[in-house]
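Open the model in your viewer and colour it by chain. Keep the selection panel at hand. The tour goes one stop at a time.

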Amino acid sequence: MSGPMRGQGGQAGQGGLGGPRRRRGPGFGPPGHMAMMPTEKARNFRKTVRRFIGALAPEKYRILLVLVVAFMSTAGQVFGPKILGQGIDKVMDGIVGKNVGQYFPPGTTHEQAVELLHQMNSPLADVFASTNAIPGVGIDFGALASILLLLIGLYVAATIFSWIAWLTMAGVAQRTVYRMRRDVDEKLARLPLKYFDTHPRGDTLSRVTNDIDNIANTLQQSLTQILTALATIIGVLVMMIWISPILAAISLLVLPTAAISTMLIARRSQKQFASMWERTGVLNGQVEESHTGHSIVKIFGHQEDTIRRFDEENESLYDASFRAQFISGIVMPTMSFIGNLSYVVIAVLGGTMVATGSMSLGDVQAFIQYSRSFTMPITQVASITNILQSTIASAERVFDLLDEPEEIADPTQPVVLESVSGHVTLEKLSFRYEPDKPLIEDLNADVRSGEVLAIVGPTGAGKTTLVNLLMRFYELDKGSICLDGTDTRLMRRDDLRRTFGMVLQDTWLFGGTIRDNIAYGCDDPTEEEILAAAQAAHVDHFVRTLPDGYDTIIDDDASNLSQGEKQLLTIARAFLADPQILILDEATSSVDTRTEVLVQKAMARLMKGRTAFVIAHRLSTIRNADEILVMDHGQIVEQGTHKKLLAKRGFYYDLYNSQFEEAVAEAG
Amino acid sequence: MRRLLPTFLGPYRWRIALVMSLVAVQALGNLYLPSLNADIINYGVIRGDTDYILHTGAFMLGVTLVLGVCSIVGVYFGAMTAMAVGRDIRSALFRKVMEFSQQETNVFGTPSLITRNTNDVTQVQMVLVMAFNIMIMAPIMAVGGVVMAIREDVPLSGLLVVIIPTVILVISLVALRALPLFRSLQSKTDRVNQVMREKLAGMRVIRAFARTEREERRFDEANRDLTATQLRVNQLFAMMIPFLFAVMNLSTVAIVWFGGLRIDSGGMQIGNLAAFLQYVMMVLFSVLMAALIFIMVPRAAASAERIQQVLEVEEALCDPDEPQEIAAPRGVVEFRDVEFRYPGAEDAVLCSISFTARPGETTAIVGSTGSGKSTLVNLIPRFYDVTSGAVLVDGVDVRNLRQEDLWRLIGAVPQKAFLFSGSVATNLRYGNELADEAAIWRALTISQAGDFVREMEGGLEAEIDQGGANVSGGQRQRLAIARAVIKEPKIYVFDDSFSALDFATDRRLRRALKAETAESTVIIVASRVGTIMQADQIVVLEDGEIAGIGTHAQLMKECKTYREIVLSQLTEEEVA
């Protein structure tokens, strides 16, 4: 009964649910657009599905409710047309009754009229026989009203059931997704740093965002949709068979054709879309590269060449996307042609059957409606495989993350040091990032409270490894690190780390005010404490020159601060945290000279009275260090004081000369 | 959108006209089908005329087939045109941005330009695809449906006066509430992403400060916030969709009831009732589709606006109408009383800058951050134009040269060494396409990159990721230097290009370069004193003005700023 646009309209309507969508492409598209993003397949589909169902366990009663209610909500679609058909029959009875009434005396019964019409050899005889018309009696509005009232009741009930189903499912989906995001976030806290050092950030990020969004969309829309679609298909099928087994058989010949052709086209367009997204990726990469390297492209005179390569790629994207759009665009016309085909077949056959009296008009009308309402759920079920596949693949990626091996748990009865003097002992330390590449072997060092240990070596010598071990970012293979005589593994990691202050080259600031960034290392510091820390780090003056002073908001990537200024802020942070032991990275490659003076002064002040591990680049720091570790190619090659190492005339001697002799000589 | 589309749709107007007429034909055909259906019932079924049913049925099938063909042809040209328009916009944008100077790039920022060139175009393209079908189809179907319904029966059409406004009202109410929710949904999604990105970037610091719990709280807040908004959006739609279906279903009931009354009074036939039902449904679906378009269009309009902004920029820097040429380039660079200020800025970045950099000499530029060092060297290749004074190369104002001629003379290594995806060799050939392997190795050796390239898997053919992400910062800088060396330019510009190198490598590199650049002008911006001490001429910048020019020894004596800079890096005893 709805026009040929029904499939299209309904689809688009539901595509719009849930707001902006990611993985499955722009939201409100005709059916062909549903599965635009490339579908990845899960490695272990069954296992992931089982686990995914497990993730839904907390909502099981609600899901059960949705199941029941969603089934009931299809009652309107399943019984509506049949009941409406009865209504139409009542109307038909009235019309035919009136029509025939003129030939018969009032009071003629239906049966008598049939008899008489046959005797008269009237073409109306069969039609009349198929109705319950009584000659001379018009439409029985009482009976019609009660049928329509029943129908209204049915529709209202179905709507209420739909509301319950959709609303419940919205809650289920959002709560589940909330829990997943929370689980992933909590998992991140338990992962060893190794994970973050070896996995690209973008990948982890996309698991938290894109993948979980994808799951949310499926839970929200597809699950309910599929439930209702299946219920509708079954219900409608039963109703069709009940009304007319012959017509049902014909519909069953037509409808699978529709389903199969849709799936075939969908599969082809899937391939085209995959190639379209691939080409889009390549082109976007090229645009990104050309725009980022803009000045290089120009100054090396490669504009023409770059544009030519862009044009080629742009053209092949055009080809791929045109093909994808075209093939997916065929789905709708094909569906509506097949829909119309079955409509005509049913109309013709049904009409003939009514004319011959073997079926009522209302039933034909109902049947047409049924066969129409068949197409939408079939398209939905046809596209579900792709959606499910991509959802399960997303779920698998999230589960993979949740399954990553975690850090060794903190001891159940941790040692808590009352006050820390800052005496650090490294005993027979051995550590490797990769099992077959020896890195630190049998390292011993004793750094007493207030002493300075300098780590020197050429670029890329692996100087941050020791930092990783001291902070327990990585676990030792052998040996031990003791803090005031206590093995650090007996302490809670957080307690251990609180005794350290770290100022690294890659400064990390988060989006927020400068005040919050300085206060990061401390619980609820007072305003005076923050100011004092800022003054000690020589950053107070600079902050005050900013328009909003300490309330200045630092951007996402802190692009409104220079590297040196960022470093000063992290030093202020360390001052405020007031740790017993410091880890400093001196390199200030991109810091300008003036700020560098400030950074240097601040660092020197910060180190006063604290034990310090310094990745050193400055001669003065190195010379004054109590112990020097010389690293090369990721290994500790020499160890000792400045004097001792120079006397040794080994690697340090060469390094020292190459790095500093020139500066010293030329400066003179 | 209103400005962008006419330009780019113009070339395809005939094709678009064809698509529109095909869609119109489809709409009309779809409107025609129910009335054929009515005929089947009225004249075939009720009269028991099987022949009529068969004839009309065959006709209907024919109409459907024509519609299908129309639709496929329409989709073919529609997709072709929409994608072609997308391609054209992308291409126009790309060419435009390629013409930009630094100044114009800065206005938008590189990331934003990339988004405009990619996502925004895709957004517009998608709307076009829909527009070619639904935007034309929906109004025709809606209006046509109403007209046809009225034709079937006028009094019954009175129902439409109730039904259509109800649907529109519901949709507008939902849209009014949903649009702001969509917007806040976007910002809340961004917030979750931002917190997560920060957390991933700062994992070491978070753990170092034992702030894991606090970060968890921060994420949980953002997560809860997002969940709540998402729930509200979904609840809204969960209410709306069943409601719309209910309106449609109840309309059907009403139509059958009132239709029954009309039939009983002899005003209409039962076949017309069936047709009427179908028309009403068509109208309702068209209204629904139109509403969905209204949600899509604002997003695309925003994208179109962003694209238009880029296309509308008038380039400040153009080639001169009558370019001068340098007959025998030597590479003398002269700054003559140069001033530069950003448009609208109160203070000049550079002010009264005059000096000359000569071939065979190294000119170093030092100064603290914000003193204008990078800006100064960016004036040489005309990434910016001076606001007064002039920059001259071999005595010719750079503004009188063709930009390409100017660039041919310059080998630049920018602050952020940028490599292109490809191999080591393709990156070096960027500097000189004809360079053979020997030349490449020579350049690599000079830039101290020979050793590590040899160690890389594949050597010269070793793969380089976009931006050079798979090599270390120091390696990236050395490859970028090699790329400049292989060009054999008259003028070298090193903008803080040694910062990621350790002192020993830095020194070796400068020694090797010295021999290579004997005939060229070398201009180095550096913050490390060791890098510049040996320069023939050092220009000291302070707050955009020259604080001193001379050799290291001269400046140590005469220039207080320079002395401060040196002493900040070397201790008194090291200098002495």
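Which residue of S2(B) does B:Glu334 stand opposite? Select B:Glu334, then look across to S2(B): the residue opposite is B:Thr356. Bear in mind that this is a predicted model.

**Stop 1: the strand pair.** Select residues 333–340 of chain B, which make up strand S1. S1 runs antiparallel to S2(B), and 5 bridges join the two.

**Stop 2: the whole sheet.** Now show the sheet in chain B that holds this pair. It is an open sheet of 4 strands, ordered S2-S1-S4-S5, with antiparallel pairing. Select 350–357 and 396–397 of chain B: these are S2 and S5, the edge strands. Each has a single partner strand, so one side of each has no neighbour in the sheet.

**Stop 3: the domains of chain B.** Colour 4–153 and 268–312 as domain 1.

**Stop 4: the interface.** Bring chain A into view. Contacts link 140 residues of chain A with 144 residues of chain B. Select helix H12 of chain A, residues 303–355. This helix supplies 24 residues, the largest share of chain A's side of the contact. By class, that side has 67 nonpolar, 53 polar and 20 charged residues.

**Stop 5: confidence.** Colour chain B by pLDDT. Its mean is 82, and 96% of its residues reach 70 or more. For the complex, the predictor gives an ipTM of 0.77 and a pTM of 0.70.

Key. Residues numbered from 1 in each chain as written. Chains lettered and ligands numbered in written order. Predicted model: local features only at pLDDT ≥ 70, side-chain atom pairs only at ≥ 80, totals over all residues. Contact = placed C-beta atoms within 7 Å. Nonpolar A, V, L, I, M, F, W, Y, C, P; charged D, E, K, R; others polar. Domains from an automatic or database assignment. pLDDT = per-residue confidence, 0-100. Pairing = 2+ DSSP bridges.
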